Amino acid sequence: MTRLVGISGSLRRGSYNAALLRAAVTMTPEGVELHAATIRGVPLYDADVEAADGIPEAVSALKDLVAGADGLILFTPEYNNSIPGVFKNAIDWMSRPASDIKRVFGGKPVAVLGASAGGFGTVLSQNAWLPVLRTLGTNPWFGGRMLVSRAHGVFDQNGAITDDGVRQQLHQFVHGFAGFAARARAVPA
Ligand SMILES: Cc1cc2nc3c(=O)[nH]c(=O)nc-3n(C[C@H](O)[C@H](O)[C@H](O)COP(=O)(O)O)c2cc1C
């Protein structure tokens, strides 16, 4: 079994990125499981809190999920042409303590995709993740690209994808990344 974890970087109830993640969960090939994780419950990073109380439970749980997975998919919104603070904050917490980065992120296959209301479908946010992924020592996947633009016209009120092209693209993306993660597991870095 190849185990993947997807994290949506939005707290919004009607989030397009969370909807994309829910759709992706239903599209995995046989022998692949995609677990939908959330950043809900992750507090704002505060080094004083870390020093006094250690790693918050919600963060430890996310770290363990990712550490135990064969691959991680970031479903990223775009705010002001970059990564939303709430999502970056969650990953920053997950990189603590630094001595644990290798266990959680080291050599980890990671894919980034996203949906936004604008016309460029999170291209700048996706680019902004690259230095973060490099710093954490991940193994980013560049075999697929998924930029869902003008997302309000792509999902219905329940968050189901109404656009056949987007559904097909997501299917291809999930299958492509699942294959990459499975191969990476067969040949550990
Ligand atoms: C502070 C803020 C900044 C935003 N900046 C951008 C942007 O730079 N590009 C873009 O396409 N959409 C931008 N948007 C619109 C988001 O794409 C839209 O809110 C989208 O629904 C967020 O993803 P979600 O549905 O997963 O929450 C911005 C929204 C907010 C709240």
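Predicted model: local features only at pLDDT ≥ 70, side-chain atom pairs only at ≥ 80, totals over all residues.
A side-chain N or O atom of Ser10 is 2.7 Å from an oxygen atom of the ligand. Arg12 places a polar side-chain atom 2.8 Å from a ligand oxygen atom. Asn80 contributes through its backbone: an N or O atom there lies 2.8 Å from a nitrogen atom of the ligand. On its own, the ligand has 620 Å² of accessible area, and the protein covers 71% of that.

The protein contains 7 helices and 6 strands. Along the sequence, their order is β-α-β-α-α-β-α-α-β-α-β-β-α. The C-alpha atoms fill a box of roughly 50 × 35 × 25 Å along the principal axes. The radius of gyration is 16 Å, which agrees with the value near 16 Å for a compact globule of 189 residues. Of the contacts with a separation of 6 or more, 80% are between residues 24 or more positions apart. Buried residues account for 46% of the 189 residues. The accessible surface comes to about 9,400 Å², and carbon and sulfur atoms hold 52% of this surface.

Ser95 sits in the loop between α4 (85-94) and α5 (101-105). Its relative accessibility is 15%, so Ser95 counts as buried, the cut-off being under 20%. Beyond residues up to four places away in sequence, Ser95 touches Ile101, Phe105 and Leu136.

Definitions and conventions:
Residues numbered from 1 in each chain as written. Heavy atoms only, no water. Helix = DSSP H or I, 4+ residues; strand = E, 2+ residues; numbered from the N terminus. Buried < 20%, exposed > 50% of the residue type's maximum accessible area, 1.4 Å probe, protein only. Contact = heavy atoms within 4.5 Å. Polar contact = N/O pair within 3.5 Å; in protein donor to acceptor, adjacent residues only side chain to side chain. Areas by Shrake-Rupley, 256 points an atom, 1.4 Å probe, with all protein chains shown as cover. Rg over C-alpha atoms; globule rule 2.2 N^0.38 Å.
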